[in-house]
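Please keep the sequence and the model open as you read.

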Amino acid sequence: MLVRDALYTTAWFGLMTMVWFGWAQEAPRRAVHVPLVVGSVLGVALAIGFGVLTARHWGDPTALEGRYAAFGIIVGAEFVLAGAGGAVLGLTGHGRWTAWWVAVVVAAHFVSLAWLLHGPSLAVLGLLQLLALGAIVPVLRGGEEPTSRWVGPVMGLTILLYAVIGGAAVLRRLSDA
């Protein structure tokens, strides 16, 4: 992945870490409230720090050059898919599954982003998330609480780990340059 893309991805994943850990606080178990808050704060710190670095490298090359339309179409389609699925779940009385559905769409989104950004590790992340989301379905079926209770930590933690590892790797590349 190019430096600008790696910096931006780390910043964006910091923000998304906060979002997923925040969504998990919709109906958290008492024991995980503090770790969810800590994860959110770490996500914000990554978003700010790598957001500043992204701004400093905005003129650097990006894999999206000449492919912005493809990126927009993919993101737009995924947005519509996540929203429509959430609406159908809500209208059919299965709204508690919305977080799980959105997570599935997001994880699949990472697979397509891997192609656009020339970052195969994004595909690995997406596939691991899809496996994890499939693995927790039996637990989700056994409860009445919103699926965000389990999905938020799964997505937040995997995105946070990817951001930390990817951020460290791009910082190493910058220091070697």
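Why are Y8 and W12 separated by about one helical turn? The model, which is a predicted one, places both in helix α1 (residues 3-24), and they are about one turn apart because they lie four residues apart in that helix.

Their surroundings can be described too. Y8 has a relative accessibility of 41%, so it counts as partly exposed.

Now for the ring pairs. Six aromatic pairs are counted in the model. Among them is Y8 with W12, a stacked pair because the planes meet at 5 degrees, under the 30 degrees that the class requires. The pair formed by W97 and W100 is edge-to-face, since its planes stand at 85 degrees, over the 60 degrees needed. W97 itself is buried, because its relative accessible area is 17%, under the 20% limit.

Ring pairs also join Y8 and W12 with W58 in a cluster. W58 has a charged neighbour as well: R4 lies over the face of this ring. In another case, the charged end of R29 sits over the ring of W150.

| Charged residue | Ring | Distance to ring centre |
|---|---|---|
| R4 | W58 | 3.8 Å |
| R29 | W150 | 4.9 Å |

To return to the ring pairs, the centres of Y8 and W12 are 6.4 Å apart, while those of W97 and W100 are 5.8 Å apart.

Methods:
Residues are numbered from 1 along each chain as its sequence is written. This is a predicted model: local features need pLDDT of at least 70, side-chain atom pairs count only at pLDDT 80 or more; totals for chains, interfaces and linings use all residues. Side-chain values use heavy atoms; hydrogens and water are left out. Rings of Phe, Tyr and Trp (its six-membered ring) pair if their centres lie within 6.5 Å; planes under 30 degrees apart count as stacked, over 60 as edge-to-face and the rest as tilted. Helices (H or I, at least four residues) and strands (E, at least two) are DSSP runs, numbered from the N terminus. Buried means under 20% relative accessible area, exposed over 50%, partly exposed in between (1.4 Å probe, protein chains only). A charge sits over a ring if NZ of Lys or CZ of Arg is within 6 Å of the ring centre and within 35 degrees of the ring normal.
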